[in-house]
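User: I would like to learn how to read the features of a protein model. Please take them step by step.

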Amino acid sequence: MTPALFLNGKFAAQRTTGVQRVAEQLLRALDAEVPVGRWTLLCPPQARPPALQRIAVRVVGPAGLPLHLWEQAVLPWAARGGCLVNLAGTAPALARRQVAMLHDAAVFDHPQAYTRAFVAWYRWLHRRLARQALALFTVSAFSRQQLAVALALPPARFNVLHNGAGHLEGIQADETVLDRFGLRGQTFVLAVGSANPTKNLTRLMAAWQVVQPAGVRLVLVGGSNTQVFAGADAALPAGVLRTGPLGDAPLAALYRHAIGLVFPSIYEGFGLPPLEAMASGCPVAVARAASLPEVCGDAALYFDPLDPGDIAAALQRLLHEPALRAQLRTAGLARAAGFRWADAAAGLRAAL
């Protein structure tokens, strides 16, 4: 008899960042294809899962439990009769039969970016999953190589499922975000990312001070979490606006109105914001680092993320070369069209 398949629904109770985005989009893509009655999403009581047609939703465990405790104690018991599928980077250490997606090897490659407790837990959990998971997934060839080295595994142990790019297509852009932050009719460059030190905001700020474009704003979208990330936010020079985290509708509006996206991250397992920008027709300038060349191909303007002068030069080109922006816009739309959540879901099902 084919075992039941259970999905870890912890992500549906968390604020949406990159890994939660991936889990939700894979869930939606699976729901469009899987047979009715085979898959069940197991959720904590505070979860807000999307409406699903083919995948059942079951709330398990008492209300009020911390999410970490729910995942480690309640979830493996609820999934004991089948195989548990974990898509958001974490998993219960004691589940008997499970598969897991590890998005990157950042806790091994850049431990200084995180708190000691966070690094210790995730290193231990990753090593346990490397030994015990029935299958492992990741989001790029870059992450597969880094994880294989960190966990002493053959790269073939990881199935690569690239992220998709179409999740903002059906979103009604919330244009009021332009009025809320005084951006209506203004020229602005967009940057999207958390306060993780690997996002390289300090060098971006230094580059912006070199450029000092008159009448142009740099808009930073993203939040911070002192329980996860070590260090403080970069100081903001004149002309820079930090919005904090935003939902999909206002973010879609910013992508569509920005003169371009600058993405200086020195470490990404995949790098969704450049692909989101491309799919929205927003020209993209990115760091020549980690997974970003794999994801962006020839559809982005590249710079050295460790050289503020090179970042500044890329910003100057993005601001002052309309022909380049038009070329990047066309190339970006074509590049983004090749990344589909349905393909990632099909890869997941094939591996299972």
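Analyst: Helices and strands here are DSSP runs, numbered from the N terminus. The place of Ser265 is then given as the loop between strand 11 and helix 9. Keep in mind that this is a predicted model.

User: Is Ser265 buried or exposed?

Analyst: Buried means under 20% relative accessible area. Ser265 has 1% relative accessibility, so it counts as buried.

User: How far is Ser265 from Ala289 in sequence, and how far in space?

Analyst: The two residues are 24 apart in sequence. From C-alpha to C-alpha, Ser265 and Ala289 are 7.6 Å apart in space.

User: How is a pair of aromatic rings described?

Analyst: Two values are used: the distance of the centres and the angle of the planes. The structure holds five aromatic pairs. One of them joins Phe118 and Tyr122, with 4.5 Å from centre to centre and 35 degrees between the planes, and this pair is tilted.

User: What describes the pair of Phe142 and Tyr267?

Analyst: The ring centres of Phe142 and Tyr267 are 5.6 Å apart and the planes are at 65 degrees, so this pair is edge-to-face. The cut-off behind that label is an angle over 60 degrees.

User: Which parts of the chain does the pair of Phe142 and Tyr267 tie together?

Analyst: Phe142 belongs to helix 5 (residues 141–151), while Tyr267 is in the loop between strand 11 (260–263) and helix 9 (272–279). The pair therefore ties together parts that are 125 residues apart in sequence. Phe142 is buried at 18% relative accessibility, and Tyr267 is buried at 7%.

User: Which residues do ring pairs link into a cluster?

Analyst: Tyr114, Phe118 and Tyr122 are linked in this way. A ring can also have a charge over it: the charged end of Arg80 sits over the ring of Trp77, 3.9 Å from the ring centre.

User: How is empty space found?

Analyst: A probe the size of a water molecule is rolled over the atoms, and this shows where empty space is left. In this structure, a search of the whole finds two cavities of 30 Å³ or more.

User: Which residues line the largest cavity?

Analyst: The lining includes Ala191, Val192, Leu220, Val221, Arg242, Val262 and Phe263. Sorted by class, the lining has eight nonpolar, two polar and two charged residues.

User: What lines the second largest cavity?

Analyst: Its lining is made up of Asn8, Lys10, Phe11, Gln14, Glu71, Leu87, Ala88 and Thr90. By class, that gives three nonpolar, three polar and two charged residues.

User: How many disulfides does the structure hold?

Analyst: The number is zero. A disulfide needs two cysteine sulfur atoms within 2.5 Å. The sulfur of Cys43 has its closest cysteine sulfur in Cys83, 17 Å away, which is too far for a bond. Cys43 is buried, with a relative accessible area of 1%, and Cys83 is buried as well, at 8%.

How values were computed. Residues are numbered from 1 along each chain as its sequence is written. This is a predicted model: local features need pLDDT of at least 70, side-chain atom pairs count only at pLDDT 80 or more; totals for chains, interfaces and linings use all residues. Side-chain values use heavy atoms; hydrogens and water are left out. Rings of Phe, Tyr and Trp (its six-membered ring) pair if their centres lie within 6.5 Å; planes under 30 degrees apart count as stacked, over 60 as edge-to-face and the rest as tilted. Helices (H or I, at least four residues) and strands (E, at least two) are DSSP runs, numbered from the N terminus. Buried means under 20% relative accessible area, exposed over 50%, partly exposed in between (1.4 Å probe, protein chains only). A charge sits over a ring if NZ of Lys or CZ of Arg is within 6 Å of the ring centre and within 35 degrees of the ring normal. On a 1 Å grid over the protein atoms alone, a cavity is a set of points where a 1.4 Å probe fits but cannot get out, and a pocket is an open set with protein on both sides within 12 Å along at least five of seven lines; lining residues have an atom within 4 Å of a point. Grid points are joined across faces, edges and corners, and a volume is the space filled by probe spheres set on the points. Ala, Val, Leu, Ile, Met, Phe, Trp, Tyr, Cys and Pro count as nonpolar, Asp, Glu, Lys and Arg as charged, and the others, Gly among them, as polar.
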